Amino acid sequence: IRWLRSWFSPSENPNVNPPAEPVARPAPKAARTNGPTILVVDDDPVFLKATAMKLENNGFEVITAKDGSEAIQAARRKKPNLLVLDVNFPPDVASGGSVPWDGFRIMSWLRRFDDFKLTPVVMASMGDPIEYTRQAIRSGATAFFHKQMNPNQLLAIVKVTLARSGVIRAPGLDTNFQI
């Protein structure tokens with residue numbers, strides 16, 4: 001529960017308990033619809049919603065998909081500037097389980113099209129961060145995000161990745177940061 005609360009908590013320390021009484025907070029920043037577009041693909045609805053909200057509150061346009069076939073359709077239709085892909089998915093129900101989609105297969109399939117050859121990809125998983133980081137980088141992903149990390153780290157990875165690819169200009173952001 002602390003991990004989920006950290007996604008929505010303004011506190012830098014995810015171990016700090018929320019106040020007992022509701023606190024008046026300023027309204028969230030309006031999402032800019034003209035910001036970079038990010039496709040977030042994950043079969044976990046909680047992670048999908050929390051990630052979308054975090055990115056939208058920071059000015060990104062977010063498209064979500066819950067499986068491989070939705071991801072392919074959304075990517076081809078909207079042409080996102082960055083992909084955040086879960087590593088593992090259950091069997092693809094939309095195709096009767098005939099295509100065992102995972103994040104690596106989605107990335108590989110999209111790379112066949114010229115529109116996506118240079119699109120940065122951030123892989124995400126709850127699995128072994130060392131093994132999945134190696135596998136993600138070898139497969140052509142830009143970075144790996146372990147889902148139990150602080151959500152602000154995902155935001156930093158997204159911003160650095162988009163700045164390196166020239167999609168956004170990030171004043172004061174160190175783009176020499178190693179992911």
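Guide: A polar contact is a pair of N or O atoms within 3.5 Å; within protein, one must be able to donate a hydrogen and the other to accept it, and residues adjacent in sequence count only if both atoms are side-chain atoms. Asp102 caps the N-terminal end of α4, with a side-chain oxygen 3.1 Å from the backbone nitrogen of Phe104. Helices (H or I, at least four residues) and strands (E, at least two) are DSSP runs, numbered from the N terminus.

The model is predicted: local features need pLDDT of at least 70, side-chain atom pairs count only at pLDDT 80 or more, and totals for chains, interfaces and linings use all residues. Residues are numbered from 1 along each chain as its sequence is written, and side-chain values use heavy atoms, leaving out hydrogens and water.

Helix α4 spans residues 103-110. Its buried residues (under 20% relative accessible area, 1.4 Å probe, protein chains only) are Gly103, Phe104, Ile106, Met107 and Leu110. They cover an arc of only 160° around the axis, taken from the directions to the C-beta atoms, so they sit on the same side of α4. They pack against β1 (37-41), α3 (68-78), β3 (82-86), β4 (121-125) and α5 (129-138); contact means heavy atoms within 4.5 Å.

Now the core. A nonpolar core is a set of buried Ala, Val, Leu, Ile, Met, Phe, Trp, Tyr and Cys residues joined through side-chain atoms within 4.5 Å. The largest has 24 residues; Ile106 and Leu110 are among those touching the most other members, as is Val41. Beyond four places in sequence, the contacts of Val41 include Leu85, Phe89 and Ile106.

How values were computed. Buried means under 20% relative accessible area, exposed over 50%, partly exposed in between (1.4 Å probe, protein chains only).
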